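Please look over the sequence and the structure before reading on.

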Amino acid sequence: MSHIRPLIPLLVTAGILIGGNGLQGTYVALRGSAEGFSPSIIGMIGAGYSVGFAIGCVYVTRLLRQIGHIRTFAAMAAISAVAAIAMSMIIDPVFWFAMRFVTGIAVASLFAAVESWINAKVTNANRARTLSVYRLVDLSSVTVAQYIIPAVGIPGPIIFNIIAMALTLSLVPISVADKSSPAPPETLAFDLKAVWRISPLSVIGVISVGLSMAAFRNIGPIYAEAIGMSITSIATFMSAGIIGGVVLQYPLGIYSDKLDRRRVILWTTVGSIITGAYMSFGAGSNETANIISVFLFGAFSMPLYSLCSAHANDYAKPGEHALVSAGLLFYWSLGATVGPLLASILLEYYGPRAFFAYTSFIFLAFLVFTLRRMKARPPVPPAKRTWRFRSLLRTSAYFNRLAAPADKDERQDRP
């Protein structure tokens with residue numbers, strides 16, 4: 001702990017930010033439903049966040065280089081807090097779409113600022129410990145945040161105010177405890193054609209994850225509500241899916257480092273299809289069955305982003321790893337824009353059973369594509385790989401840099 005003590009203010013800031021953002025995603029869906037918004041309208045509001053997030057991913061580095069980390073973080077924290085309060089004052093789907101769009105830009109910028117800052121201060125000696133603590137902060141803050149909803153209740157402005165308070169309080173640890181001013185981060189190149197050239201499988205994989213898992217985060221509460229779960233059970237349902245996503249990350253990653261990664265991706269995709277199909281046609285409205293199933297669904301589905309990223313980096317040339325991380329995050333955000341909207345329309349017209357049938361269909365299409373790619377070119381032998389599996393958060397491209405030990409190849413990515 002002595003090695004990471006100087007990073008604690010940044011990690012606390014990240015925890016407050018992650019918790020507030022995770023709370024808002026679930027609450028907006030449930031509050032929208034309580035206000036009489038249709039599932040498709042709620043899906044549109046969720047898509048607005050993803051569009052904003054994609055834009056923020058592209059432009060945040062320019063902002064960080066122009067005005068620095070502290071000013072970027074302060075400005076975006078203020079904007080996102082104001083957007084949360086404004087949503088409690090004006091209950092209108094178009095206005096909420098606009099506010100979630102603004103929030104997406106702000107949150108992408110906030111994550112990039114704090115993770116770039118952490119990356120600037122971390123060393124190889126404390127990188128692994130910092131990453132482990134960061135993942136623990138992420139998991140615990142998102143899980144705890146879900147239970148604020150049943151504790152407070154859906155009606156009224158209180159939870160929106162709590163979200164605004166969390167976003168504002170995220171400024172305090174940095175402002176009080178960290179007087180450093182990290183150097184502006186390197187410019188992240190966006191060349192989507194180059195990323196497709198490096199690994200079509202990885203591109204389709206992260207889009208599939210965006211289409212399915214963003215739908216789960218945004219529309220999952222509506223599914224749980226539609227099958228009759230209480231607010232507390234909905235919080236447990238969402239938490240189970242998130243916690244499940246951590247369970248198989250490292251076992252799958254270890255196997256993928258030793259085997260053809262595409263085989264591990266294939267098995268994981270099959271698991272996602274089976275668990276999604278069971279929730280559609282087997283679990284019904286049984287609360288226990290749904291919570292156990294969504295735990296397994298998260299366990300299989302969430303590691304796919306990290307597996308696809310590792311697969312793309314197996315084929316990347318020296319100097320292309322930063323390009324891959326930025327490009328895959330952008331492709332994921334494209335899928336995350338469309339996913340909530342498609343899933344919500346299906347749920348609205350065909351009922352809750354259609355929701356996980358939709359995710360199974362997405363993963364089935366990805367399974368077929370994976371089989372085709374396995375015939376198209378041979379795998380990179382494990383002995384010749386220069387990249388190992390890393391468990392990644394879909395927060396910013398700088399998290400990928402944090403997860404990767406600095407080496408000669410990484411330094412080549414810098415201007």
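The model is predicted. It has four salt bridges, and three of its charged residues, Asp257, Arg261 and Asp314, are linked in a network of such bridges. The cavity count comes to seven at 30 Å³ or more.

**Salt bridges**

- Side chains of opposite charge can pair when their charged atoms come close.
- Asp257 pairs with Arg261, with 2.8 Å between the closest N and O atoms.
- Asp257 is partly exposed because its relative accessibility is 25%, whereas Arg261 is buried because its relative accessible area is 1%, under the 20% cut-off.
- Arg261 also meets Asp314 in a salt bridge, at 2.6 Å from N to O.
- Asp314 belongs to helix 14 and Arg261 to helix 12 (residues 261-281), so this pair ties together parts that are 53 residues apart in sequence.
- Both Asp314 and Arg261 are buried.
- A salt bridge also joins the side chains of Asp260 and Arg262, at 3.2 Å from N to O, and both of these residues are buried.

**Helix 14**

- Helix 14 covers residues 303-315, and its 13 residues should span 18 Å at 1.5 Å a residue.
- Helix 14 is mostly covered, with 13 of its 13 residues buried.

- The largest cavity has a volume of about 650 Å³.
- Its lining consists of 29 residues, and those closest to the centre are Asn21, Arg217, Trp332, Arg394 and Thr395.
- Among the elements that give two or more residues to this lining are helix 2 (39-89), helix 9 (200-226) and helix 15 (321-350).
- Helix 1 gives the most to the lining of the largest cavity, with five residues.

**Nonpolar surface patch**

- Met165, Leu169, Val172 and Val176 make a nonpolar surface patch of about 380 Å².
- Helix 6 (158-169) and helix 7 (171-177) are the elements that each give two or more residues to the patch.
- Val176 lies in helix 7 and counts as exposed because its relative accessible area is 60%, over the 50% cut-off.

**Ala343**

- Ala343 is part of helix 15 and is buried, with a relative accessible area of 1%.
- Ala343 and Ala365 are 22 residues apart along the chain, and their C-alpha atoms are separated by 16 Å.

Terms used. Residues are numbered from 1 along each chain as its sequence is written. This is a predicted model: local features need pLDDT of at least 70, side-chain atom pairs count only at pLDDT 80 or more; totals for chains, interfaces and linings use all residues. Side-chain values use heavy atoms; hydrogens and water are left out. Patches are made of residues with over 30% relative accessible area and no salt bridge: like charges are joined within 9 Å, nonpolar side chains (Val, Leu, Ile, Met, Phe, Trp, Tyr) within 5 Å. Accessible areas come from the Shrake-Rupley method with a 1.4 Å probe; for residues, only the protein chains shown count as cover. Helices (H or I, at least four residues) and strands (E, at least two) are DSSP runs, numbered from the N terminus. Buried means under 20% relative accessible area, exposed over 50%, partly exposed in between (1.4 Å probe, protein chains only). The expected span of a helix is 1.5 Å times one less than its number of residues. On a 1 Å grid over the protein atoms alone, a cavity is a set of points where a 1.4 Å probe fits but cannot get out, and a pocket is an open set with protein on both sides within 12 Å along at least five of seven lines; lining residues have an atom within 4 Å of a point. Grid points are joined across faces, edges and corners, and a volume is the space filled by probe spheres set on the points.
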